[in-house]
Amino acid sequence: MSNVFVLDHPLIQHKLTYIRSKHTGTKEFRALVDEVSALMAFEITRDLPLTEITTETPVMEAQTKVLSGKKIGLVPILRAGLGMVDGILRLIPAAKVGHVGLYRDPETLQPVEYYIKLPSDIDERELIVIDPMLATGGSANDAIHSLKKRGATNIKLMCLIAAPEGVDLVQEEHPDVDIYLGALDKQLNEKGYIIPGLGDAGDRLFGTK
């Protein structure tokens with residue numbers, strides 16, 4: 001799995017433990033997801049290109065580095081992906097945000113697209129597709145197909161927790177997409193939930209059942 005990266009930073013792993021806990025309430029859950037998203041974004045963006053400029057410090061002129069202007073786009077998969085956006089935007093405030101709305105048919109477990117709104121220049125951007133859970137992989141796979149159909153060529157996928165089944169599907173369908181995870185769990189259960197997982201991320205983020 002050469003294009004799958006499990007981000008094992010101690011702070012990410014520590015906070016994921018409390019995200020997983022059934023005793024973590026909605027307010028704390030949101031805050032932890034926000035924090036982990038920022039930490040993951042720090043890791044995901046470490047290969048962004050830099051360019052050198054001249055900066056005048058209080059002491060003298062110096063050659064310093066800034067981002068070379070590469071455009072970033074964030075594409076959360078609704079609704080759970082919304083809970084991860086703000087943490088990333090604090091690090092990359094100039095990023096544009098698109099949205100893909102999908103729901104999983106409870107009978108077939110297949111994704112159904114009901115909404116998509118994207119920046120007009122997605123073909124020029126490095127896109128980060130965001131979804132807390134990569135379970136069957138159907139939603140992420142469909143979202144990536146939707147982006148490619150509209151001209152996107154540079155896509156990464158960012159998830160808190162994944163099951164091997166979802167990783168395998170995305171790798172098979174999109175070998176050009178790097179996958180960044182907080183954790184790779186054991187498997188899916190008969191209902192299509194990641195185990196041990198963290199339950200339903202959308203319900204826990206928004207306090208719904």
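At what angle do helix 4 (residues 138–149) and helix 5 (residues 164–173) pack, and how far apart are their axes? In this predicted model, the angle is about 20° and the axes are 9 Å apart. Helix 4 is therefore roughly parallel to helix 5, since angles under 35 degrees count as roughly parallel. The crossing of helix 4 past helix 5 is right-handed. On the helix 4 side, the residues that meet helix 5 are Gly138, Ala140, Asn141, Ile144 and His145. Their counterparts in helix 5 are Leu169, Val170 and Glu173.

**A second helix pair**

Two packed helices are described by the angle between their axes and the distance between the axes. For helix 1 (residues 10–20) and helix 2 (residues 26–44), the axes come within 10 Å and cross at roughly 155°. Helix 1 and helix 2 are therefore roughly antiparallel to each other, because angles over 145 degrees count as such. Helix 1 passes helix 2 in a left-handed crossing. Helix 1 makes this contact through Leu11, Ile12, Lys15, Leu16, Tyr18 and Ile19. Helix 2 contributes Phe29, Leu32, Val33, Glu35, Val36, Leu39 and Met40.

Helix 2 also holds serine 37. Is serine 37 buried or exposed? Its relative accessibility is 0%, so serine 37 counts as buried, the cut-off for buried being under 20%. A polar atom of the serine 37 side chain lies 2.7 Å from the backbone oxygen of valine 33. Neighbours within four places in sequence aside, serine 37 is in contact with Met84, Ile88 and Met158. Serine 37 and isoleucine 92 are 55 residues apart along the chain, and their C-alpha atoms are separated by 12 Å.

How many of the five residues of strand 8 (residues 126–130) are buried? Five of the five are, so strand 8 is largely enclosed by the rest of the structure. Both of its faces are covered. One side carries Glu126, Ile128 and Ile130, and the other carries Leu127 and Val129.

Strand 8 pairs with strand 4 (residues 72–78) in the parallel sense, and strand 8 also pairs with strand 10 (residues 154–162) in the parallel sense. In the pairing with strand 10, isoleucine 130 has methionine 158 as its bridge partner. Methionine 158 is also among the residues in contact with serine 37.

Elsewhere, strand 2 (residues 50–56) and strand 3 (residues 61–67) run antiparallel. A hairpin of four residues joins strand 2 to strand 3. Threonine 55 stands opposite alanine 62 in strand 3. The table lists these strand pairs with their bridges.

| Strand pair | Sense | Bridges |
|---|---|---|
| Strand 4 and strand 8 | parallel | five bridges |
| Strand 8 and strand 10 | parallel | five bridges |
| Strand 2 and strand 3 | antiparallel | seven bridges |

**Asparagine 3**

Asparagine 3 is found in the segment before strand 1 (4–6). With a relative accessibility of 9%, asparagine 3 counts as buried. Which backbone oxygen does the side chain of asparagine 3 reach at 2.8 Å? That oxygen belongs to valine 177. The backbone oxygen of proline 175 lies 3.5 Å from a polar atom of the asparagine 3 side chain. Leaving aside neighbours within four places in sequence, the contacts of asparagine 3 are Gln171, His174, Pro175, Val177, Asp178 and Ile179.

**Loops and cis peptide bonds**

Glutamine 110 is found in the loop between strand 6 (99–104) and strand 7 (111–117). The relative accessible area of glutamine 110 is 49%, so this residue is partly exposed. The C-alpha atoms of glutamine 110 and alanine 163 are separated by 16 Å, and the two residues are 53 residues apart along the chain.

The peptide bond from leucine 78 to arginine 79 is cis, with omega near 0°. Arginine 79 has its place in the loop between strand 4 and helix 3 (85–91). Another cis peptide bond, with omega near 0°, runs from isoleucine 195 to proline 196. Proline 196 lies in the loop between strand 13 (194–195) and helix 6 (201–206).

Technical notes: Residues are numbered from 1 along each chain as its sequence is written. This is a predicted model: local features need pLDDT of at least 70, side-chain atom pairs count only at pLDDT 80 or more; totals for chains, interfaces and linings use all residues. Side-chain values use heavy atoms; hydrogens and water are left out. Helices (H or I, at least four residues) and strands (E, at least two) are DSSP runs, numbered from the N terminus. Buried means under 20% relative accessible area, exposed over 50%, partly exposed in between (1.4 Å probe, protein chains only). A polar contact is a pair of N or O atoms within 3.5 Å; within protein, one must be able to donate a hydrogen and the other to accept it, and residues adjacent in sequence count only if both atoms are side-chain atoms. Contact means heavy atoms within 4.5 Å. Two strands pair if DSSP finds at least two bridges between them. Axes are lines fitted to C-alpha atoms, for helices over the stretch in contact, and angles run from 0 to 180 degrees between N-to-C directions. Angles under 35 degrees count as roughly parallel, over 145 as roughly antiparallel, 65 to 115 as roughly perpendicular and the rest as oblique. A crossing is left-handed if the near helix is turned anticlockwise from the far one by less than a right angle, and right-handed if clockwise.
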